[in-house]
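Biologist: Can you walk me through this one? I'd like to start with helix packing.

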Amino acid sequence: MALDTPTRERIEALLAQHEVVLFMKGTRQQPMCGFSAAATNTLNDVVDQYHTVNVLEDPEIREGIKEYGQWPTIPQLYVKGELVGGSDIIRQLYTSGELYTLFGSSPPDRTPPEITITDKAADAIRGGMANAQDMALHLEIGPDHSAGFQLAPAGDFDIVTVANGIEVHFDPGSAQRAKGIVIDWVTTVQGEGLSLKFPGAVEIGTLSVHQLKDRLSAGDIVLVDVRPAHGRAMAAPLAGARILEDEGYEALASLPKDTAIAFICHHGISSRAAAERFAAHGFTQLFNVEGGMDAWAREVDPSVARY
């Protein structure tokens with residue numbers, strides 16, 4: 001499909017107006033696809049200011065930018081009017097340090113972080129990797145301290161540390177945020193899994209749904225619903241709950257650090273992960289609602305839909 005003149009002129013105007021432009025699905029605060037989220041997470045580590053264009057709101061730009069740069073996918077990063085590439089290339093330039101050079105930033109500290117892996121966690125990791133030949137354990141920790149493990153091939157520019165006989169691979173930003181972390185294997189009512197504790201972070205408290213009801217009645221706690229939109233459509237948020245997806249992490253993270261905050265999800269798993277992210281930022285009164293909305297529907301208010 002040929003690129004029409006009006007769309008070309010709109011794209012060129014955007015590139016002339018902004019030094020760094022990311023054409024993406026969604027916004028910097030709320031990416032709408034995994035590749036766009038990966039691109040913004042990476043850029044957030046390297047550059048403070050960049051302009052985003054939500055192609056989902058502009059079909060002409062969505063198709064036109066593919067023709068303009070002869071690049072078939074979204075997201076696309078442009079710097080000073082020149083196409084850099086998509087999510088994978090942004091990531092490659094980030095891990096190699098070239099992205100810092102591109103933006104005139106200081107090169108990243110590539111010192112391997114000192115971390116602790118408990119014996120239970122080390123045994124679980126070894127068991128999980130027993131059949132993962134030619135794979136490495138990667139830990140990515142985002143600017144908001146969201147964290148995730150994955151098995152993937154080792155990269156040429158990975159920052160690697162070893163703890164309790166386990167080799168862990170990091171990108172530059174994750175390596176800095178990983179300093180002093182403790183990786184443990186924990187058992188909760190929801191099941192077993194790896195847990196990440198940041199230095200200085202408080203322990204996450206637990207509230208039953210009955211305790212939550214009492215605290216909400218007393219008005220001495222903020223409730224944050226971390227469920228995605230489809231979950232909230234099936235069972236409406238509780239009265240007064242703040243919606244993480246709508247408000248965004250940064251807005252809620254600006255609350256006073258001594259605010260009592262309870263996190264709720266469907267069953268109590270993703271809400272604990274959200275609480276741990278807030279703990280890494282110095283909040284001192286954090287609680288996970290045990291059993292989540294499902295327990296609320298079973299034990300407190302049967303009119304709430306179960307799904």
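Biologist: How do the axes of α2 and α4 cross?
Modeller: In this predicted model, the axes of helix α2 (residues 34-46) and helix α4 (residues 87-96) come within 9 Å and cross at roughly 30 degrees. Axes are lines fitted to C-alpha atoms over the stretch in contact, and angles run from 0 to 180 degrees between N-to-C directions. Helices are DSSP runs of H or I, at least four residues, and strands are E runs of at least two, numbered from the N terminus. So α2 is roughly parallel to α4 (angles under 35 degrees count as that).

Biologist: Which residues make the contact?
Modeller: From α2, F35, A38, A39, T42, D45 and V46; from α4, S87, I90, R91 and Y94. Contact means heavy atoms within 4.5 Å. They divide into 6 nonpolar, 2 polar and 2 charged.

Biologist: Different spot. Where does G165 lie?
Modeller: G165 is in the loop between β8 (159-163) and β9 (166-170).

Biologist: Buried or exposed?
Modeller: G165 is exposed, at a relative accessible area of 61%. Exposed means over 50%, with a 1.4 Å probe and protein chains only.

Biologist: What does UniProt place at 217-305?
Modeller: The unreviewed UniProt entry has "domain: Rhodanese" there. Such annotations may be inferred rather than shown by experiment. Over residues 217-305 the chain is 39% helix and 18% strand, with the end C-alpha atoms 21 Å apart.

Biologist: What are the ground rules?
Modeller: Residues are numbered from 1 along each chain as its sequence is written, and side-chain values use heavy atoms, leaving out hydrogens and water. Local features need pLDDT of at least 70, side-chain atom pairs count only at pLDDT 80 or more, and totals for chains, interfaces and linings use all residues.

Definitions and conventions:
Buried < 20%, exposed > 50% of the residue type's maximum accessible area, 1.4 Å probe, protein only. Parallel < 35°, antiparallel > 145°, perpendicular 65-115°, else oblique. Nonpolar A, V, L, I, M, F, W, Y, C, P; charged D, E, K, R; others polar.
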